[in-house]
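Subject: Structure for you to look at

Hello,

Please find the sequence and the structure below. My notes on what was found follow directly after them.

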Amino acid sequence: MSQPAFSFEMFPPKSADGAEKVLDAARTLAELGPQFISVTYGAGGSSKDRTLGVVRALSEEDAAPAAGHITCAGASRAEVDGVLRDYWAAGVRRIVALRGDPEGGMGAQYSPHEEGYPYASDLIAGAKKIADFDISVGCYPETHPDARGLQDELETLKHKLDAGADRAITQFFFEPEIFLRYRDAAADFGIDKPIVPGIMLQSNYQGLTKIARLCGAFVPFKVMRAYETCGEERSARDRATVEIAASICERLKREGVEAFHFYTMNRSALASALCQGLGLCKDRRAA
Ligand code: FAD
């Protein structure tokens with residue numbers, strides 16, 4: 001039986017100085033043989049140049065296919081189209097297309113830019129007019145905070161896939177059943193493109209609960225207890241992170257999941273340990 005495919009998500013460096021460190025981590029991840037490595041786009045385009053810099057470098061090195069995230073919140077169509085053209089010109093053929101969060105951050109009231117693409121589905125249609133990108137989009141097994149419920153969530157997702165997206169990557173979750181129920185509901189809704197589970201590798205528990213609260217992801221008691229038992233010891237928290245992620249992935253593998261997307265938080269060592277442990281890849285340096 002073939003092993004599931006996998007992709008990695010990274011942050012761009014916080015300043016131009018940090019680019020080499022991020023690229024080193026990306027090179028380590030590239031050796032594991034991912035489908036692609038994606039680089040996030042700071043809220044409101046705040047990381048535009050740094051994201052483009054890393055994506056371009058990865059693409060030029062041809063270490064692994066690179067995917068550039070792009071958001072439309074707070075930007076005009078002309079600005080967004082400019083970034084899409086820059087990606088294409090740099091040889092980047094994959095994007096992760098998102099609405100993005102409002103200026104006030106996750107959870108704040110969103111209103112579209114007057115001259116912008118209002119929502120991700122509009123951005124996808126616009127991107128497809130510029131070039132034939134491979135497009136991933138976000139989706140939310142516990143529903144997006146702005147959605148009125150599961151029906152609304154699935155309508156938004158279907159709209160994005162019908163606009164030309166190739167697959168959806170989920171927000172992180174900790175209970176495999178949450179993903180499985182969502183996958184079933186999407187299939188019942190007539191969605192037939194891949195829904196890839198997004199698996200979190202954040203070993204800072206406080207950081208994790210902060211993001212989870214903002215995006216509405218449920219953190220079960222067993223996860224809280226696993227981190228509490230580790231105390232302040234970083235290596236123990238790292239081990240717990242890999243164990244929690246591995247247990248979710250093992251269950252999903254048994255349920256026929258064919259691809260995983262790992263939110264690496266730029267922790268290439270954790271992502272490597274997880275992929276090796278799951279038998280998803282061969283470390284080509286060791287081969
Ligand atoms: P959309 O699909 O546009 O929908 C969000 C909500 O808007 C829907 O639930 C619905 O309530 C409403 N809506 C959608 N379409 C319409 C319509 N036509 N009419 C009326 N209402 C509508 N954020 C970043 O800033 N940078 C990143 O790099 C980034 N990467 C991400 C990667 C993944 C895999 C995921 C899951 C999320 C990522 N995010 C990122 C976060 C994302 O930008 C936020 O979750 C954002 O709030 C929603 O983006 P979306 O593309 O899912 O929005």
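Threonine 51 touches Pro12, Val39, Thr40, Tyr41, His69 and Tyr87, leaving out residues up to four places away in sequence; contact here means heavy atoms within 4.5 Å. Threonine 51 sits in helix α2 (residues 48-61); helices are DSSP runs of H or I with at least four residues, strands are runs of E with at least two, and both are numbered from the N terminus. With a relative accessible area of 0%, threonine 51 is buried. Buried stands for under 20% relative accessible area, exposed for over 50%, and partly exposed for what is in between (1.4 Å probe, protein chains only). The side chain of threonine 51 reaches the backbone oxygen of threonine 40 at 2.7 Å. That pair is a polar contact, meaning N or O atoms within 3.5 Å; within protein, one must be able to donate a hydrogen and the other to accept it, and residues adjacent in sequence count only if both atoms are side-chain atoms.

Some notes on provenance. This is a predicted model, in which local features need pLDDT of at least 70 and side-chain atom pairs count only at pLDDT 80 or more, while totals for chains, interfaces and linings use all residues. Residues are numbered from 1 along each chain as its sequence is written, and side-chain values use heavy atoms, with hydrogens and water left out.

Ligand site

Which residues are closest to the ligand? They are Tyr41, Asp101, Tyr140, His144 and Lys160, out of 22 residues that surround the ligand; a residue is counted if one of its heavy atoms lies within 4 Å. By class, this shell has 9 nonpolar, 8 polar and 5 charged residues. Ala, Val, Leu, Ile, Met, Phe, Trp, Tyr, Cys and Pro count as nonpolar, Asp, Glu, Lys and Arg as charged, and the others, Gly among them, as polar.

In histidine 69, an N or O atom of the side chain is 2.9 Å from a ligand oxygen. For arginine 99, a backbone N or O atom lies 2.8 Å from an oxygen of the ligand. For lysine 160, a polar side-chain atom lies 2.7 Å from a ligand oxygen. Taken alone, the ligand exposes 980 Å², and the protein buries 83% of that; the areas come from the Shrake-Rupley method with a 1.4 Å probe, and for residues only the protein chains shown count as cover. The elements that give two or more residues to the shell are β3 (66-71), α5 (150-162) and β6 (167-172).

Nonpolar core

The largest nonpolar core has 95 residues, of which Ile70, Tyr87 and Phe262 touch the most other members. Helix α9 (residues 234-254) gives the most to this core, with 9 residues. Such a core is a set of buried Ala, Val, Leu, Ile, Met, Phe, Trp, Tyr and Cys residues joined through side-chain atoms within 4.5 Å. Beyond four places in sequence, isoleucine 70 is in contact with residues including Tyr41, Val80, Tyr87 and Leu123.

Other positions

Serine 203 is in the loop between β7 (195-200) and α7 (205-215). Serine 203 is buried, at 5% relative accessible area, and its side chain makes a polar contact with the side chain of aspartate 238 (3.0 Å). Outside four places in sequence, the contacts of serine 203 are Tyr227, Arg237, Asp238, Thr241, Arg267 and Leu270.

Alanine 271 belongs to helix α10 and is buried, with a relative accessible area of 0%.

Threonine 143, in the loop between β5 (134-139) and α5, has a positive phi of about 65 degrees although it is not a glycine. Asparagine 266, which lies in the loop between β8 (259-263) and α10 (268-278), likewise has a positive phi of about 65 degrees without being a glycine. Threonine 143 is partly exposed, at 22% relative accessible area, and asparagine 266 is partly exposed, also at 22%.

Regards
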